[in-house]
Amino acid sequence: MMPNLQKISKHSLAGLLYLSLLRKRQPRPVDLSDVFDFRCILNSFNLKNELPPGIVALQSDISPTIFCLENHPGFYIIPGALSTEEQCQYIRESLTSFPQPPNRTNHNAIYGPIHNLFTAAKDNKVLIEEETSARNLDNEETSATNLASGPDSCSTNPRWKFIEESSMSSGGKTCKSLPASFLLRKLRWSTLGLQFDWSRRDYDVFLPHNKIPDRLCQLAKRMAATAMPAGEEFQPEAAIVNYFGSGDTLGGHLDDMEADWSKPIVSMSLGCKAIFLLGGKCRRDLPLAMFLRSGDVVLMAGEARECFHGIPRIFTEKEKSEIAHLELQFSKEHDVCFLEYIRTSRININIRQVF
């Protein structure tokens, strides 16, 4: 039975909202009967040409069916928009190339730029802080390079490096150390293209960065076409990659730092299934809850950009995560590290036109 858009249960959704406050705790049992399931809606539409009240289906060249909501102009969802191969490709890149310096991650503030984090975790390496005396032996040329390289350089952060766990001295001086696998699980975001300065909540066009890969740009342009103003083409200029582990949430927020809200944010879901809450223009507005699965794409443009939204839960339990197709694709020996990660994780790539 499909939920009615006009008759959303306040109690079940209030429970979902409460989940956003329960970081790192066991998920509370919640009635999920009022959560919209667009995969089921798509199946029903294909078989019977029927839709729940308040939902409209659009036909497009980029996908057989795109759904939009009458009560939320500018919001679009494309179930299963990405092929299994595309999903696996962007899971790999989100873990290997996207967090690579000069792109910034949440780790930069403490450890400075970290290279090859995923490889280091796979190889069971440990990040250690080098001794001060060793850092002081740097010559003037190295110091000048650090000063020129900005706030994430080793001149303003302790110098850290990866070593083999077996290389750590069992005696003598101790040093700060962290397993690379721990840092990988604490990876919360990375940025592509124009870099977002979280301290100022604005884009810093002067920070060095890697360009968004061309194939990702082309995919974003294709997906965004439905939500673009007539005659205009989406220009991908920045992307934020969010990483969710078991128990992680994303509280209600607005993506409001881009210049032109008529241009959509293109949001791609990878990995474990999640619940997405789409609220209104003030935090008190009762939200609509929907499932997002790996391969789904959401577009938010125009009025939808003014709506609070968040992720109160991801489903990491094997019977609920719905990633069997990814497990099959990552079943080869050289992909085991990706499989181990994505079994309990969700990745979201959201691409923006900044100017």
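Q: What is the pLDDT over residues 18-24, and how many contacts does the model have for them?
A: The pLDDT, which is the predictor's confidence in each residue, from 0 to 100, stays under 50 over residues 18-24. For this stretch the model has 18 contacts (heavy atoms within 4.5 Å) beyond four places in sequence. Over residues 133-156 the pLDDT is likewise below 50, and that stretch has 18 contacts beyond near neighbours in sequence. For the chain, the mean pLDDT is 86, and 82% of the residues reach 70 or more. This is a predicted model, in which local features need pLDDT of at least 70 and side-chain atom pairs count only at pLDDT 80 or more, whereas totals for chains, interfaces and linings use all residues. Residues are numbered from 1 along each chain as its sequence is written, and side-chain values use heavy atoms, with hydrogens and water left out.

Q: Why is Leu-69 called buried?
A: A residue is buried under 20% relative accessible area, exposed over 50% and partly exposed in between, with a 1.4 Å probe and protein chains only. Leu-69 has 5% relative accessibility and therefore counts as buried. Its place is in strand E2 (residues 66-69). Leaving aside neighbours within four places in sequence, Leu-69 is in contact with Phe-38, Gly-54, Ile-55, Phe-75, Leu-278, Leu-288 and Met-290. Leu-69 and Gly-54 are 15 residues apart in sequence, with their C-alpha atoms 5.9 Å apart.

Q: How many helices and strands does the chain have, and what share of its residues is buried?
A: There are 12 helices and 17 strands; helices (H or I, at least four residues) and strands (E, at least two) are DSSP runs, numbered from the N terminus. Buried residues make up 50% of the 355 residues in the chain.

Q: What makes E1 and E7 edge strands of the eight-stranded sheet?
A: Two strands pair if DSSP finds at least two bridges between them. This open sheet has the order E1-E2-E3-E15-E12-E17-E10-E7, with antiparallel pairing. Strand E1 (55-58) and strand E7 (189-193) each have a single partner strand, so one side of each is left without a neighbour in the sheet. The twist averages 20 degrees from one strand to the next, where axes are lines fitted to C-alpha atoms, for helices over the stretch in contact, and angles run from 0 to 180 degrees between N-to-C directions.

Q: How do you know that E12 and E17 pair?
A: Six bridges join strand E12 (residues 265-271) to strand E17 (residues 345-352), against a requirement of at least two. The two run antiparallel, and the bridge partner of Leu-270 is Ile-347 in E17. H9 lies across several strands, including E12 and E17, running at about 115 degrees to E12.

Q: Why is E16 described as largely enclosed?
A: Six of the six residues of E16 are buried, so this strand is largely enclosed by the rest of the structure. E16 belongs to an open sheet of four strands, in the order E11-E16-E13-E14 with antiparallel pairing. E11 and E16 (residues 309-314) pair over two bridges, and Leu-250 stands opposite Ile-311 in E16. Four bridges join strand E13 (residues 274-278) to E16.
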